[in-house]
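Q: I would like to learn how to read this model, feature by feature. Where do we start?

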Amino acid sequence: MKISILLFGILREQLSTSSLEWQIAQEHYTVADLLNELKTTYPMMGALKSVAVAINGEYALPDYIIRPTDEIALIPPVSGG
């Protein structure tokens with residue numbers, strides 16, 4: 001199954017793209033599984049304090065099972081002042 005992931009903030013800058021196509025092999029693939037694989041593939045993600053995952057416009061918990069039709073967005077922490 002292939003999913004699309006939207007990237008925001010520093011993730012978009014560091015990966016030089018606004019989205020990723022991600023291939024997943026297992027049926028019960030969770031948000032936690034996705035984050036673990038992304039951190040392995042893109043070690044710079046592990047340096048971030050946290051990355052929020054939104055699915056279909058709502059923040060998702062780590063045990064949420066991803067479906068192929070879900071709109072997935074990765075939102076890194078933001079700073080400002």
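Q: Which residue in S2 does Leu6 stand opposite?
A: Strands of a sheet pair through backbone hydrogen bonds, either parallel or antiparallel. Here Leu6 stands opposite Ser19 in S2. This is a predicted model, where local features need pLDDT of at least 70, side-chain atom pairs count only at pLDDT 80 or more, and totals for chains, interfaces and linings use all residues. Residues are numbered from 1 along each chain as its sequence is written, and side-chain values use heavy atoms, with hydrogens and water left out.

Q: In what sense do S1 and S2 pair, and over how many bridges?
A: Two strands pair if DSSP finds at least two bridges between them. Helices (H or I, at least four residues) and strands (E, at least two) are DSSP runs, numbered from the N terminus. Strand S1, residues 2–7, pairs with S2 in the antiparallel sense, over five bridges. In S2, Trp22 is the bridge partner of Ile3.

Q: What is the strand order of the open sheet?
A: The order is S2-S1-S5-S3-S4, five strands with mixed pairing. Strands S2 (19–23) and S4 (58–59) stand at the edges; each has a single partner strand, so one side of each lacks a neighbour in the sheet.

Q: Which strands does H2 touch as it packs on the sheet?
A: Contact means heavy atoms within 4.5 Å. Helix H2 (residues 31–41) touches S1, S2, S3 (52–55) and S5 (72–75). Its direction makes about 105° with that of S2. For such angles, axes are lines fitted to C-alpha atoms, for helices over the stretch in contact, and angles run from 0 to 180 degrees between N-to-C directions.

Q: Which residues of H2 are buried?
A: Buried means under 20% relative accessible area, exposed over 50%, partly exposed in between (1.4 Å probe, protein chains only). In H2 the buried residues are Val31, Leu34, Leu35 and Leu38. Seen down the axis of H2, they fall within an arc of 95°, so they line one face of the helix. The arc is that of the directions from the helix axis to the C-beta atoms. These buried residues pack against S1, S2, S3 and S5.

Q: How do the side chains along S2 point?
A: They alternate. Leu20 and Trp22 point to one face and are buried.

Q: Which residues touch the most other members of the largest nonpolar core?
A: A nonpolar core is a set of buried Ala, Val, Leu, Ile, Met, Phe, Trp, Tyr and Cys residues joined through side-chain atoms within 4.5 Å. In the largest one, with 22 residues, they are Ile5, Leu34 and Leu74. H2 gives the most to this core, with four residues. Not counting residues up to four places away in sequence, Leu34 touches Ile3, Ile5, Trp22, Tyr29, Ile66 and Ile72.

Q: What is the phi of Ser16?
A: Most residues other than glycine have a negative phi. Ser16 has a positive phi, near 55°. Ser16 lies in the loop between H1 and S2. At 65% relative accessibility, Ser16 counts as exposed.

Q: Where is Asn56 placed?
A: Asn56 is in the loop between S3 and S4. Its phi is positive too, near 55°. Asn56 is partly exposed, at 45% relative accessible area.
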